[in-house]
Amino acid sequence: MRERLLREGLQAQQIENFFEATRLTRDLREQIRERSHRLQWKVLDALQGRGLSEVHLLGSTGYGYGDTGRELLDEIYADLFDCESALVRLQFVSGTHAIACGLFGNLRPGQEMVSLSGEPYDTLSTVIGQKSDSPGSLKEWGVSYRQLDLRDDRLDLEAIQTFLRPETALVFLQRSRGYAWRSSLTVEQLGEAIRRARKVCPHAVIMVDNCYGELVEEQEPTHVGADLVAGSLIKNLGGTLAATGGYLAGTTRAVAAASYRLTAPGIGAEQGASLGFSRTMLQGLFQAPVVVGQALEGACWAACFLELEGFEVAPRWDGPRTDIVQAIRLGSPEAQAAFCKGVQSSGPVDSKATPESWVQPGYRDPILMAGGTFIAGSSLEMSADCPVRPPYIAYLQGGISLGHVQLGVVRGLVSLKNLVK
Ligand SMILES: *Cc1c(COP(=O)(O)O)cnc(C)c1O
């Protein structure tokens with residue numbers, strides 16, 4: 001190993017740090033593995049409990065009537081989230097789409113949406129119509145929006161009671177950090193906010209953007225009172241196998257309301273061909289606890305190694321984790337480009353490519369993305385995203401094995417050091 005690391009271009013001290021990070025994180029990584037084993041049993045309970053059988057893996061075409069695999073997948077997700085209902089579809093083009101269906105489905109003109117976790121993820125800005133009058137936004141639809149900012153990097157619990165109004169129709173929380181230098185919210189913290197919000201507006205739909213958070217903790221937001229959670233299948237729950245898609249899970253009412261947005265009123269969840277993709281969606285879910293566990297081990301190790309190398313990282317290597325994202329402060333666009341190039345070169349696909357930044361639909365700033373993934377844009381496969389804006393952070397996430405994350409980080413670091421020379 002030592003020799004290989006030398007060949008990768010690491011200096012003697014960096015090699016020491018590589019092994020030191022492995023030693024330091026050993027106990028924590030053991031805990032992560034134990035949790036992922038418990039979650040593996042939970043997923044198996046759901047698959048077996050619903051009687052998954054070979055016929056469910058076949059799929060449908062056209063309207064997708066009688067697609068038992070699709071129906072089973074919904075039921076399995078509902079079991080996993082311990083909630084009444086779920087909608088798991090490849091027709092969701094992304095996590096943003098699933099979240100948008102949840103919002104539009106559960107809000108009506110004249111009503112108010114409130115975020116309790118500050119500014120939502122970049123792509124939701126145009127959905128909400130927060131900063132600009134983006135066509136088709138909730139704002140154009142007559143839905144108003146307010147947000148309670150985080151305070152000292154935490155939910156402002158004390159302010160919730162006065163900030164919300166009894167008539168607030170939808171309360172929104174974002175579990176993961178998104179592209180922001182903030183902490184992710186643990187399920188326990190979400191639960192505390194939900195409890196307080198419920199007191200003021202007992203009838204509001206309380207929704208959590210659950211992207212990157214699934215299977216990181218043993219509990220999900222639905223276990224602590226959320227009415228609706230949403231996420232992307234090319235993140236945690238797709239287990240790197242789902243080719244596309246998103247999910248919503250929660251109360252029968254909130255999920256049904258969202259389903260009328262995905263398809264049409266009256267049709268809801270009753271149509272939607274699975275085209276033979278149910279197999280990889282189910283198999284991906286089966287594997288997700290292990291892959292998420294490996295991604296977490298990778299994030300924990302990466303944080304430790306890079307801290308030893310003098311970088312500022314969030315969370316700290318031994319800090320609490322409720323998502324798979326590891327933020328690394330790089331400080332300049334050049335450093336972001338160098339780091340991404342290194343990460344890209346360690347991927348199984350397109351390892352010779354040089355990532356270039358571009359303004360993707362729904363984003364305000366150019367984003368540099370290192371992928372090299374089998375599923376385009378998958379971020380449960382190891383990847384690094386860099387919004388090219390101060391303070392120039394890299395968000396590293398995913399990885400089906402600790403080894404892959406280690407190679408990615410080593411190459412990212414070497415590429416950075418070559419820049420300094
Ligand atoms: C990834 C992500 C989303 C949705 O992104 P898509 O690319 O549309 O799937 C939403 N919120 C957060 C916090 C995310 O990390």
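## Exercises on the contact between two domains

The domain assignment, automatic or from a database, divides the protein into domain 1 (2-40 + 289-420) and domain 2 (41-284). This is a predicted model, in which local features need pLDDT of at least 70 and side-chain atom pairs count only at pLDDT 80 or more, while totals for chains, interfaces and linings use all residues. Residues are numbered from 1 along each chain as its sequence is written, and side-chain values use heavy atoms, with hydrogens and water left out.

**Exercise 1.** State how many residues each domain gives to the contact.

*Solution.* Start with the centres over C-alpha atoms: 27 Å separate those of domain 1 and domain 2. Then take contact as heavy atoms within 4.5 Å. Domain 1 gives 41 residues and domain 2 gives 37 residues.

**Exercise 2.** Find the area that the two domains bury, and the residues of domain 1 that lose the most.

*Solution.* Buried area is the accessible area (1.4 Å probe) that two parts lose on being put together, summed over both. For domain 1 and domain 2 this comes to about 3,300 Å², with 59% of it on carbon and sulfur atoms. In domain 1, the most area is lost to domain 2 by Leu 39, Thr 322 and Arg 364, together 21% of what that side buries.

**Exercise 3.** Count the salt bridges across the interface.

*Solution.* Apply the rule: a side-chain nitrogen of Lys or Arg within 4 Å of a carboxyl oxygen of Asp or Glu. Four salt bridges are found between domain 1 and domain 2. Arg 389 also forms a salt bridge with Asp 122, whose closest N and O atoms are 2.9 Å apart.
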